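Hi everyone, thanks for coming. Let me put the structure up on the screen, and then we can walk around it together.

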Amino acid sequence: MKLSQFRFHLPEEQVAIYPTHKVFDDENGNKERVYNRDQCRLMVAHRKSMTIDMFKKDAKGKDTKQPLVFRDVVDYFDGGDTFIFNNTQVFPARLYGTKERTDSKIEVFLLRELNSDLRLWDVLVEPARKIRIGNKLFFEDDGPMVAEVIDNTTSRGRTLRFLYECPHDEFKRELFSLGHTPLPKYIISRREVTKEDAEIFQTIYASEEGAVTAPATGLHFSRQMMKIMEIREINKAFVTLHCGLSAFENIEVEDLSKHKMSSERMIVNAEACRLVNQTKQSGHRVCAVGASVARATETAVGTDGMLKEYEGWTNKFIFPPYEFGMCNAMMVNFYHPETPMLMTTAAFGGYDLVMRCYDTALKEGFQFGCFGDALLLLDD
């Protein structure tokens with residue numbers, strides 16, 4: 001397929017910069033947001049019937065005037081079905097420092113630690129033209145956190161060696177204490193990062209540190225919703241894919257078969273395989289929660305349609321036409337134009353149906369982006 005087939009106009013006011021919330025006045029008269037993770041709007045698309053649901057149904061199966069919300073997802077699944085979640089944990093990857101002697105302000109975006117003993121990190125810097133090998137960067141006025149540039153990796157990429165002598169755990173705590181929640185650029189261009197972002201830009205089940213952006217669809221799951229799933233005997237399996245910035249890289253080729261995704265580290269363990277494969281063999285639904293889970297499971301699925309243990313890297317880019325081997329349901333957000341996540345969604349749901357969902361979402365005022373509304377794709 002062609003890049004231009006995923007191009008559409010997305011009004012700025014339909015890009016969410018906060019999760020679903022209500023605003024109240026606190027005791028001092030200040031505005032306070034109360035977030036409701038599982039109350040964003042929900043659209044449901046059925047692949048075989050090519051139909052779309054946006055409203056709850058009455059006892060006779062007719063649409064009511066009450067919009068579907070994310071928590072209603074559980075009503076589309078039965079006991080014995082399994083949701084696969086990405087349990088990666090976002091760390092405070094965005095730092096701000098100054099360049100030695102010039103005091104030029106520099107943004108350093110941590111990507112991954114390369115060597116814990118040598119304190120080597122793979123990073124992006126901005127503005128990159130000012131940062132050369134040998135430069136030193138300072139992250140506190142009077143503090144000890146200093147880094148030296150030791151290599152150029154890409155036009156914006158650098159390798160930094162942090163000059164900080166202490167046990168590694170202490171170094172990480174100090175480094176992360178200086179960092180900011182790595183909200184996407186399209187959010188921080190419209191508002192400042194706050195302390196509460198460290199919580200709202202993290203799934204409630206995050207446990208494996210390593211992501212520089214959140215697996216967005218998982219942000220909608222609340223503890224109450226997870227409890228409802230437990231009561232209904234809907235299973236939960238966890239895989240790990242450390243979400244990098246590949247989802248935000250511009251695709252610069254019209255022919256999608258020529259686009260190369262950046263690699264991201266992933267792990268599929270034996271317990272996830274056991275639970276998912278048992279679900280498939282019993283004829284129940286397996287639902288991928290987010291495009292990152294779809295990438296991970298399609299990397300690790302065998303030719304027999306069963307999930308295999310895997311630890312390594314994936315640069316899998318899923319776009320139409322593509323035949324999925326693992327999941328038969330998928331939950332996603334509404335994504336920006338020309339993004340890999342939109343293409344993965346179209347590969348699973350079918351291009352025509354998914355783009356009809358997007359047209360409907362734009363007309364009905366749905367919110368897009370990591371804090372936006374959700375789309376459930378079912379194989380019926």
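Let's begin at a pocket lining: by class, the second largest pocket has 17 nonpolar, eleven polar and four charged residues around it. In that count, Ala, Val, Leu, Ile, Met, Phe, Trp, Tyr, Cys and Pro are nonpolar, Asp, Glu, Lys and Arg are charged, and the others, Gly among them, are polar.

Two words on the background. This is a predicted model, where local features need pLDDT of at least 70 and side-chain atom pairs count only at pLDDT 80 or more, while totals for chains, interfaces and linings use all residues. Residues are numbered from 1 along each chain as its sequence is written, and side-chain values use heavy atoms, with hydrogens and water left out.

Back to that pocket. It has 32 lining residues, and Ala-247, Phe-248, Tyr-335, Thr-339 and Met-341 lie nearest its centre. A pocket here is an open set of points on a 1 Å grid over the protein atoms alone, where a 1.4 Å probe fits, with protein on both sides within 12 Å along at least five of seven lines; lining residues have an atom within 4 Å of a point. Helices α6 and α7 (340-349) each supply at least two lining residues. Helices are DSSP runs of H or I with at least four residues, strands are runs of E with at least two, and both are numbered from the N terminus.

While we are at α6, which covers residues 291-300, look at Ser-292 in it. Is Ser-292 buried or exposed? Ser-292 counts as buried because its relative accessibility is 12%, and buried means under 20% relative accessible area (1.4 Å probe, protein chains only). Leaving aside neighbours within four places in sequence, Ser-292 is in contact with Asn-86, Pro-215, Leu-241 and Cys-243, contact being heavy atoms within 4.5 Å.

Now to the largest pocket. Its lining has 39 residues, with Leu-111, Leu-124, Val-212, Gly-244 and Leu-245 nearest the centre. Which strand gives the most to this lining? That is β10, with five residues. The lining divides into 15 nonpolar, eleven polar and 13 charged residues.

Strand β10 also takes us to the barrel. Six strands form a closed barrel in the order β9-β10-β11-β14-β13-β12, with antiparallel pairing; two strands pair if DSSP finds at least two bridges between them.

How values were computed: Buried means under 20% relative accessible area, exposed over 50%, partly exposed in between (1.4 Å probe, protein chains only).
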